[in-house]
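Me: I would like to go through this model with you and ask, point by point, what lies behind the terms used for it.

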Amino acid sequence: MKFTSRPTAAVLGVALAAAALTGCTETAAGGGAAGGDVASGACDPADVTLVGQVRNESNPYEASWLDGGDAFAEQVGLTQERLTYDGDSTRQQEQISQLLAGDTECLVMNILPNGDSDTPPIVEGAEAAGAYLVTQWNKPADLNVADYDSWLSHITYDGVESGRQIGDALAEAIGGSGGIVALQGILDTGAAKDRFAGLEESLAGNPDVELLDDQTANFSRAEALEVTKTLLTKHGDDIKGIWAANDDMALGALEALQQAGRDDVAVVGIDAVPDALTAIEEGTMTATVSSDGPWQGGIGLAIGYCVATGELAVEDIAADDRAWFAEQFLIQQDNVADFVSPETSEADFACDNLFSRSQGAIS
Amino acid sequence: MTSPAEADTEVVQARRPQPRRGVSLRDAGPPIALVVVFGVFAALSPGFRTLSNVQNVLDAAAVLAVVTIGISFVLMMGSIDLSAPGIMGASAITVALLVANNRNDNDLGFVGIAVAVLLAAGLGCLSGLALVLLKVPSFMATLGVSAVGLGLATLLFAGVQPNIADPMLEGWAVERFLGLAHLTWIALGCVLLGWLVQRYSRLGRYAFAIGGAEEVLALSGVRVAPYKVAVFTLAGAFYGLAGVMVTSQLSAGLVQAGRGYDFSAITAAVVGGTLLTGGRGGILHSTVGVLLVTVLTNGLVQVGVSPYWQGGVQGLIVVAAVAAAVIPQRRRNQVTK
């Protein structure tokens with residue numbers, strides 16, 4: 001076995017090295033060649049095709065994202081093609097390939113990649129076809145937007161910041177001292193890690209708040225219900241607050257509290273889903289953070305549209321605006337009314353105002 | 001003439017089936033594992049051995065128990081059923097839209113629940129028909145029906161979460177009788193019903209027989225197909241009820257109400273001794289499996305195992321429990337596939 005496998009390994013190694021080398025050359029060549037196609041940016045506004053793609057419309061946040069895209073499209077007298085891929089990476093790639101196989105000269109895509117690893121093929125495809133691409137939320141850290149001409153911008157949110165914001169709001173709600181428990185998201189996702197790191201920052205700033213327990217409920221309402229019930233029997237009245245890495249889990253925790261007859265526990269989440277906003281209005285939930293879905297749906301198309309029509313040149317987009325953290329909003333009872341029916345404003349999508357919500361480049 | 005007859009009688013007496021040692025051990029394995037796991041957690045964690053936590057474990061087991069009862073009938077038959085997530089989602093959204101809710105003016109109460117369960121039974125029936133008429137393997141047929149159910153749920157969902165306001169349905173999760181939530185009593189009722197069907201009805205006995213030796217049953221003149229469809233329909237109805245129960249717990253109809261329940265139910269059934277080969281185990285076995293899985297989930301949190309370790313530890317214990325349960329079978333020359 002040993003002797004037969006060694007040559008095999010050597011052959012494999014050489015093949016791999018060759019593949020890696022070819023990969024590098026191809027990337028470089030692709031980047032150079034596509035540059036010529038894209039620089040034009042002289043589409044007639046009426047010829048621009050706008051596409052918004054998210055996971056599914058049964059998620060209120062993603063549905064509101066597509067609605068925001070529609071609002072922008074209407075603003076410039078176009079319609080947006082609404083695409084959903086049910087959280088299925090393969091389907092997402094198929095839809096993108098189909099789009100890129102058609103007329104791509106004035107194609108503008110605002111894409112929510114399913115996961116980090118789904119972004120590179122989308123970017124390469126758009127670059128080769130010369131379609132204008134804006135991605136949001138997911139991108140591998142080592143993939144540099146400035147290396148591409150068609151990939152105009154990548155927008156995401158600082159999870160550490162949102163985790164800290166609701167952590168602070170929770171600490172304030174329980175009077176600055178007492179025990180809390182944390183419901184984490186899917187542990188191997190960047191969002192879950194960052195948000196929990198934010199909570200840890202907040203705890204460092206609020207030394208009298210004690211983290212009694214942290215568990216994962218995988219971003220799921222049903223799982224959060226069960227985990228919270230268990231934590232309530234484990235820690236009982238010591239629990240003064242529940243920190244959840246998203247609103248679905250916060251809502252599951254609220255149900256568990258109701259079933260246990262507890263109304264003295266503060267609950268915070270992230271995402272600003274409609275039910276969470278209602279709960280904040282009613283006073284059963286303390287705080288959430290909004291990324292402003294409709295704005296996300298509009299801004300990606302707006303960036304692409306401005307470049308496609310030549311109002312903005314790719315070279316003029318500042319390096320810091322190629323991959324950036326957008327502003328997010330802490331929602332509590334005093335300002336919840338502003339977010340219950342979020343609307344986009346035309347001024348946000350003006351070509352000279354596209355990057356006004358930037359909180360800085362992704363480090 | 002008399003002497004050969006006497007000889008025959010002797011032979012028959014000598015062959016009279018004796019209960020094999022392995023049989024009793026196989027049945028006793030999972031309950032022993034349950035007691036051991038429970039004992040270990042109780043020894044390690046004072047929080048685990050409180051009465052309120054035992055109540056909590058039973059409440060937490062309710063939905064999984066109902067799904068597992070449904071899936072057990074299919075597994076006994078030697079088929080597999082992956083339709084639970086879709087059927088539960090469809091049923092959850094349907095019931096949320098039919099009882100008092102924030103989306104429309106319906107207020108059908110109990111009728112709404114019945115409609116949701118019937119719809120779920122219909123979807124289950126569809127799996128069964130695809131299996132016997134179109135000869136689609138149950139793995140694919142039920143996977144397809146799950147997608148149909150999720151599609152239906154997504155259509156009905158239409159972008160706005162239906163939150164329920166029906167006092168009865170909300171009360172199921174909140175109100176208690178003898179210390180247990182109404183949902184838990186419903187699940188206990190389902191266990192009893194499932195056991196009675198399995199033990200005393202032709203449907204239950206044939207399900208077992210189909211899993212044991214379908215050809216023998218068919219050769220002895222039984223028309224197997226209708227019973228297969230009926231088993232899938234029954235399973236669908238149980239998933240539907242489980243979807244209603246999730247809706248009651250969460251006060252909202254979720255498309256993802258049944259996410260993950262297909263595999264946790266199969267795990268629970270197999271851990272309890274209802275094997276994928278069919279013809280073995282049963283409702284009570286599966287119920288023990290459900291308790292084992294639920295105790296495990298609860299206990300790992302109570303003991304304070306880090307969430308980063310829990311998934312792996314849980315998987316190991318499940319594999320160990322199944323291994324322990326099938327040891328008696330391994331002694332006979334059985335092939336494991």
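Reply: Over residues 56-311 of chain A, the chain is 48% helix and 19% strand, with the end C-alpha atoms 32 Å apart; helices here are DSSP runs (H or I) of at least four residues, strands (E) runs of at least two, numbered from the N terminus. The model is a predicted one, in which local features need pLDDT of at least 70 and side-chain atom pairs count only at pLDDT 80 or more, while totals for chains, interfaces and linings use all residues. Residues are numbered from 1 along each chain as its sequence is written, and chains are lettered from A and ligands numbered from 1 in the order in which they are written.

Me: Why is H10(A) called largely enclosed?

Reply: A residue is buried if 20 or more other C-beta atoms, placed from the backbone, lie within 10 Å of its own, exposed if 12 or fewer do, and partly exposed in between. By that test 16 of the 16 residues of H10(A) are buried, so the helix is largely enclosed by the rest of the structure. Just after H10(A), A:Gly310 takes a positive phi of about 85 degrees.

Me: Why are E7 and E9 of chain A said to stand at the edges of their sheet?

Reply: The open sheet has 4 strands in the order E7-E6-E8-E9 (chain A), with parallel pairing, where two strands pair if DSSP finds at least two bridges between them. E7(A) and E9(A) (266-268) each have a single partner strand, so one side of each is left without a neighbour in the sheet. Between E6(A), residues 178-184, and E7(A) there are 7 bridges, and A:Gly178 stands opposite A:Val209 in E7(A).

Me: How do you know which residues of chain A touch chain B, and which element gives the largest share?

Reply: Two residues are in contact if their C-beta atoms, placed from the backbone, lie within 7 Å, and by this rule 25 residues of chain A are in contact with 25 residues of chain B. Helix H7(A) contributes the largest share of the side of chain A that touches chain B, namely 10 residues.
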